[in-house]
Amino acid sequence: MSIKKRPRRKWANWLLLIPCIAALWTPAYNFVEPRFLGIPFYYTWQLAWIWLGAGITWLVYQLAWRGVEDE
Amino acid sequence: MSEFRPVTIAVFLVLFIGISALGFVATRWKRGDLHQLDEWGLGGRKFGPLLVWFLLGGDLYTAYTFVALPALMYANGGAGFFAVPYSIVVFPLVFAVFPKVWAICKEHGYVTAADMVEGLYRNRVLALLIALTGIVATMPYLSLQLVGLEAIFAGMGMHASVYLFGYEVELPLLVAFGVMAGFTYNSGLRAPALMAIFKDILIYTTLIACVVIIPARLGGYGAIFDAVPVDKLIIPPTPDNSLGPQFAYATLALGGALGLFLYPHALTGLLSASSRDAIRRNAIFMPIYAFMLALLLLLGFMALAAGVKQMPEFASGFERFGDIYAVPALFNYMFPDWFVGVAFAAIAIGALVPGAIMSIAAANLFTRNVYRAYIRPECSAAHETQVAKIFSLLVKAGALGFVTFFPETSVVQLQLIGGIWMCQTLPAVLMGLYIKWLNSTGLLAGWTAGMVAGTLMAAATDFKNSVYELDVFGLAVPCYSAVSALVLNIAVTLIVSMIAASRQEPVPAVAE
């Protein structure tokens, strides 16, 4: 792989705000129902966003930073 | 106290001794000249993404986390779940900000945040204040690891004490701490990094057992959540004329996330990375820890559903430790003796690994930013490293003294205020990377304002509550004091920087 110095698609970094908002905007998820496998929505949402957040971080890495090595 | 269980203790000791021994042989690993501070204190900046991942996991998920956070759920219900949104926020933050910090530190050979601040602003007073904030905030955190260890030893029925200078000191605690002091002194950051791998294996094993076996015995997750009173499942409703507990929840998550990587031990973990790319890739995989943490929090509800507090055999443990005894009691109740040994070893190693990193981080700060800056500027690299090793011992002795002389509740209170203080270093450490016209006058003013306001807000709740309710034009705003103090801090920093810059020639920033 060729080594590039600069990140591409810098706009992709803004995607990192999505999981932050999803996690901090409590009115979006402060409910007991609906339940998922007996787990209240409040917990389902927050557990799901752990993985969605990881997915988005991975996406940003792929779009902007992959192969960018520094030194 | 729980009954004495020989099988549990035997399994515990074998694992504990085996993993601690690794700490001593870690000197041979990724061999470097341990007379250099960044070899002893940062593992030579040679750790790849996987190793940094283990090291940060070792850092962030500590013995205290293991017992205290489920206890929070146990006592407060869903409002205690804020550690999860906090960890969702923290990893994108690491991804976006810390590769830059790493690059500056690598280029100039900085070992601590205070090094970087001094390099950016050429102000020794500011650097000293940042260093002291870090050392002071780390001490109670380190002491809390001991509280976690104490709860574990009590859970195994290991109780023996010796008298040192007229004070009663727990013998198992003394031995465990002696072991930690030994391998830290000997191997530096390589020891906790190597041990963190085995610690994680133990913790994963324990957690998987927890999330499979315990719900099976309690009748499934539905039954566990059903055992929690409905009004405790989620954050309580918002009262009129107030942003309510939901706002407090979000600020607790945000403040925790902002403060986390300002803590010296977390930064030490990041700076040990071998490249910026290692940090980014590591941030993608950190959520695995976050998921583990979420499962861990649910142990609090499992303890509630199992009803351990009502069981007579655990009464004395609850009396001494309060709700943090819930998890040790749950393990004792749910698992066979030998597995209790595995689980407790996981938590105990979970105290030693971060404890070692914290004492190394505090030692790096002291040596670089107090000793070399103010006491012996001409000292050689080998001498500097020797001072760091000795200071790491002193920090640990201090932490041990702390839990011996003071009640556990005051340690928790100091940790709370430590978190508020730590956040106040954010403008100096991070904002200057993005806003070039900040100056040390503004940062000193902002830091002072934030520290004073944060301390006063914590004092107003008798250091019992990290959330302080502000009154904004008649609207009640319950906010984590670290966040409200930081807002003030940033405002003062910006305004004073602007005024100061207009009065004198700006000092050019050195980095970049």
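This is a predicted model: local features need pLDDT of at least 70, side-chain atom pairs count only at pLDDT 80 or more; totals for chains, interfaces and linings use all residues.

Student: How many residues does the contact take from chain A and from chain B?

Tutor: Contact means heavy atoms within 4.5 Å. Here chain A gives 34 residues and chain B gives 40 residues.

Student: What is the area buried between chain A and chain B?

Tutor: Buried area is the accessible area (1.4 Å probe) that two parts lose on being put together, summed over both. For chain A and chain B the value is about 3200 Å², and carbon and sulfur atoms give 71% of that. On the side of chain A, the residues that lose the most area to chain B are A:Leu24, A:Tyr43 and A:Ile50, together 19% of what that side buries.

Student: Which helices of chain A supply residues to the side that touches chain B?

Tutor: Helices (H or I, at least four residues) and strands (E, at least two) are DSSP runs, numbered from the N terminus. Helix H1 (17–24) and helix H2 (41–65) of chain A each supply at least two residues of that side. The largest share, 13 residues, comes from H2(A).

Student: How many salt bridges does the rule find across this interface?

Tutor: A salt bridge is a side-chain nitrogen of Lys or Arg within 4 Å of a carboxyl oxygen of Asp or Glu. Between chain A and chain B the rule finds zero salt bridges.

Student: Where in chain A is there a cis peptide bond?

Tutor: Most residues other than glycine have a negative phi, and most peptide bonds are trans. In chain A, a cis peptide bond with omega of about -5° joins A:Glu33 and A:Pro34. A:Pro34 is placed in the loop between H1 and H2 of chain A.

Student: Is helix H6 of chain B mostly covered or mostly uncovered?

Tutor: Buried means under 20% relative accessible area, exposed over 50%, and partly exposed in between (1.4 Å probe, protein chains only). H6(B) is mostly covered, with eight of its nine residues buried. Among those buried are B:Ala113, B:Met116 and B:Leu120. The buried residues of H6(B) pack against several helices of chain B, including helix H5 (83–108) and helix H18 (337–375).

Student: Which residue follows H6(B)?

Tutor: H6(B) is followed by B:Arg122, whose phi is positive, near 50°. B:Arg122 lies in the loop between helix H6 (113–121) and helix H7 (124–155) of chain B. At 52% relative accessibility, B:Arg122 counts as exposed.

Student: In what sense do strands S3 and S4 of chain B pair?

Tutor: Two strands pair if DSSP finds at least two bridges between them. Strand S3 (residues 467–472) of chain B and S4(B) pair in the antiparallel sense over six bridges. For B:Val467, the bridge partner in S4(B) is B:Tyr480. Strand S4 (residues 475–480) of chain B has five of its six residues buried.

Student: Which residue of this hairpin takes a positive phi?

Tutor: The hairpin has two residues between the strands, and B:Phe473 takes a positive phi near 50°. B:Phe473 is exposed, with a relative accessible area of 85%.

Terms used. Residues are numbered from 1 along each chain as its sequence is written. Chains are lettered from A and ligands numbered from 1 in the order in which they are written. Side-chain values use heavy atoms; hydrogens and water are left out.
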